[in-house]
Amino acid sequence: MRRREAEYKIRQVRIESEKKHEIDDMKLRFFTNVSHELRTPLTLIISPIISMIKDETDDDKRRKLMLIHRNSERLLTLVNQLLDFRRADMNKLQLNLLTGDIINFLNNICNSFLLLAEKKIKFSFKSSIPSLRMSFDDDKISKIMNNLLSNAFKFTPEGGSVSVTVKAKTLCTDQKEQSGILEINVVDTGLGISDNDKQHIFDRFYQVDGNHENPFGGSGVGLNLVKDFVEMHGGNVYVEDNPDGGSSFFVDIHIFLILTQA
Ligand code: ADP
């Protein structure tokens, strides 16, 4: 009797856990579908606003249009993040490599980010090399940068500064290929991150002071995706203290380029 009772309990637990998993999966599928549906109208809101901003001569109206643009872009980024999160969850993230000048690409992301920034924060972009042709996934690199930059701007008060420095380390070139490490360093003079939190901020859903209402909003998904995207590039991401106060995020990615033979 006791054995049968134990077997029954085990079966019940298994059935309940399967049911819970199914419900979780349905919820996630629902969120993913809704997110997907939100993308088209958002894109259709953004493109006419951009052309209206270009044509508008009245300063006040232009400022308001830019505010609408900024917030629509933010919504689109959040929706895309939800979709990436689901893809990562199902191990369906794929690396789509193209070959191009990564320095120019990073510079363009930083410039366009600056246009969307709301606070008065000093911003600089520096690179140790003027250009570097390599293979990378443009969509993933731009998401890595946008996440790190939006955190840096979010946690830095007005009057502070954010900088991006790019360095090519140990670059070796032979006749067939070029390889090395590209270091991207995003530094801010914001709140900073304690040593204990440094070990967890790349975990999924982790937020500093996660038990309290977070005045900065967010979901704790961004840095986890950053880590996934960096690792897909054969790289590594970590954070240190900025000696001037604030945080310093390092992204090291593998430089790889097959040189075509003449
Ligand atoms: P969130 O959506 O909460 O911003 P993230 O995964 O991007 O999620 O970040 C996780 C946590 O790491 C944040 O809640 C924040 O507390 C901390 N954090 C991230 N970037 C910075 C930064 N530049 N300065 C201070 N804290 C940061």
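D195 is exposed in this predicted model, because its relative accessible area of 55% lies over the 50% cut-off. K198 has 15% relative accessibility, which is under 20%, so K198 counts as buried. The two residues form a salt bridge, with the closest N and O atoms 2.7 Å apart. Both belong to helix 5, which covers residues 195-198. They are three residues apart there, a separation of about one helical turn.

**Salt bridges**

The structure holds 19 salt bridges. Side chains of opposite charge can pair when their charged atoms come close.

| Pair | N to O distance | Elements |
|---|---|---|
| D195 and K198 | 2.7 Å | helix 5 (residues 195-198) |
| K64 and D60 | 3.1 Å | helix 2 (residues 59-89) |
| E183 and K167 | 4.0 Å | strand 5 (residues 177-188) and strand 4 (residues 161-173) |

K64 and D60 sit four residues apart in helix 2, about one turn of the helix. K64 counts as exposed, with a relative accessibility of 52%. D60 has a relative accessible area of 37% and is partly exposed.

The bridge between E183 and K167 joins two strands. E183 lies in strand 5 and K167 in strand 4, so the pair ties together parts that are 16 residues apart in sequence. E183 is buried, at a relative accessible area of 9%. K167 is partly exposed, at 41%.

Salt bridges also link several residues into a network, made up of D25, R29, R86, D89 and R204.

**Aromatic pairs**

Seven aromatic pairs are present in the structure. One of them is formed by F113 and F153, whose ring centres are 5.2 Å apart. Their planes stand at 50 degrees, between the cut-offs of 30 and 60 degrees, so the pair is tilted. F113 is in helix 3 (residues 102-116), while F153 is in helix 4 (residues 138-154). The pair therefore ties together parts that are 40 residues apart in sequence. Both F113 and F153 are buried. Together with F123, these two residues form one aromatic cluster.

**The ligand and its surroundings**

There are 19 residues around the ligand, and those that come nearest are N151, D188, Q207, S219 and L223. By class, this shell has nine nonpolar residues, eight polar residues and two charged residues.

Helix 4, which also holds F153, gives three residues to the shell, the largest share. The elements that contribute two or more residues are helix 4, helix 6 (222-232) and strand 7 (247-258).

An oxygen atom of the ligand is 2.7 Å from an N or O atom in the side chain of Q207. At G222, a polar backbone atom is 3.5 Å from an oxygen atom of the ligand. A nitrogen atom of the ligand is 3.5 Å from an N or O atom in the side chain of S247. Taken alone, the ligand exposes 540 Å², and the protein buries 96% of that area.

Conventions
Residues numbered from 1 in each chain as written. Predicted model: local features only at pLDDT ≥ 70, side-chain atom pairs only at ≥ 80, totals over all residues. Heavy atoms only, no water. Phe/Tyr/Trp six-rings, centres within 6.5 Å; stacked < 30°, edge-to-face > 60°. Buried < 20%, exposed > 50% of the residue type's maximum accessible area, 1.4 Å probe, protein only. Near = heavy atom within 4 Å. Polar contact = N/O pair within 3.5 Å; in protein donor to acceptor, adjacent residues only side chain to side chain. Areas by Shrake-Rupley, 256 points an atom, 1.4 Å probe, with all protein chains shown as cover. Nonpolar A, V, L, I, M, F, W, Y, C, P; charged D, E, K, R; others polar. Salt bridge = Lys/Arg side-chain N within 4 Å of Asp/Glu carboxyl O.
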